[in-house]
Amino acid sequence: MTVERYRPARTTRAAPALVELAISSASDEAARTRALRLLGFAADLPVHVVAVRSPLPLDRIGGLVCPARPVKAAPLADVGVILATTRDPAWFPATVMRQEVS
């Protein structure tokens, strides 16, 4: 018998592969749920996805956008992706170009 003992890292940075799995339309619901769990998100909370471009490091942006709740960030392709349980457009620094993804 195998028991999973994964815990999400206590950092804003995330594995790009997990972020991609969590947001990909090609992923099935079980894979998406498992990826979000491994990233540290509870199954009963909504997760917002924001694509960003900025000279600031992604982990810094993530910390500013969602300082007291779970947030993860990873580079994917040519953008940074931030996953957060809450977000407020006012929390983004002015130098960050962003696009919220539905």
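Me: How many of the six residues of strand 3 are buried?
Reply: Strand 3 is mostly covered. Buried means under 20% relative accessible area, exposed over 50%, partly exposed in between (1.4 Å probe, protein chains only). Strands are DSSP runs of E, at least two residues; helices are runs of H or I, at least four; both are numbered from the N terminus. The buried residues of strand 3 number five.

Me: What kind of model is this?
Reply: Residues are numbered from 1 along each chain as its sequence is written, and side-chain values use heavy atoms, leaving out hydrogens and water. Local features need pLDDT of at least 70, side-chain atom pairs count only at pLDDT 80 or more, totals for chains, interfaces and linings use all residues, and the model is predicted.

Me: In what order do the elements run from the N terminus on?
Reply: The protein has three helices and four strands. From the N terminus on, their order is α-α-β-α-β-β-β.

Me: How many bridges join strand 2 to strand 3?
Reply: Two strands pair if DSSP finds at least two bridges between them. Strand 3 runs antiparallel to strand 1, with five bridges. In that pair, alanine 51 stands opposite valine 81. Strand 2 and strand 3 also run antiparallel, and the bridges joining them number six.

Me: Which residue in the hairpin of strand 2 and strand 3 takes a positive phi near 55°?
Reply: Leucine 76 has valine 79 of strand 3 as its bridge partner. Two residues lie between the strands of this hairpin. The residue with the positive phi is alanine 77.

Me: Within what arc do the buried residues of helix 2 fall?
Reply: Ala35, Leu36, Leu38 and Leu39 are buried in helix 2. They line one face of the helix, so seen down its axis they fall within a limited arc. That arc is taken over the directions from the helix axis to the C-beta atoms. It comes to 160°.

Me: Which exposed residues sit on the face of helix 2 turned away from its buried side?
Reply: Helix 1, strand 2 and strand 3 are among the elements that cover the buried residues of helix 2. The face turned away from them carries the exposed Glu29 and Ala30.

Me: Which strands do the buried residues of helix 3 pack against?
Reply: In helix 3 (residues 58-65), Ile61, Gly62 and Val65 are buried. They cover an arc of only 100° around the axis, which puts them on the same side of helix 3. Contact means heavy atoms within 4.5 Å. The packing partners are strand 1 (48-53), strand 2 (71-76) and strand 3 (79-84).

Me: What share of the contacts with a separation of 6 or more joins residues 24 or more positions apart?
Reply: The protein has 102 residues, and 31% of them are buried. For contacts with a separation of 6 or more, the share from residues 24 or more positions apart is 67%.
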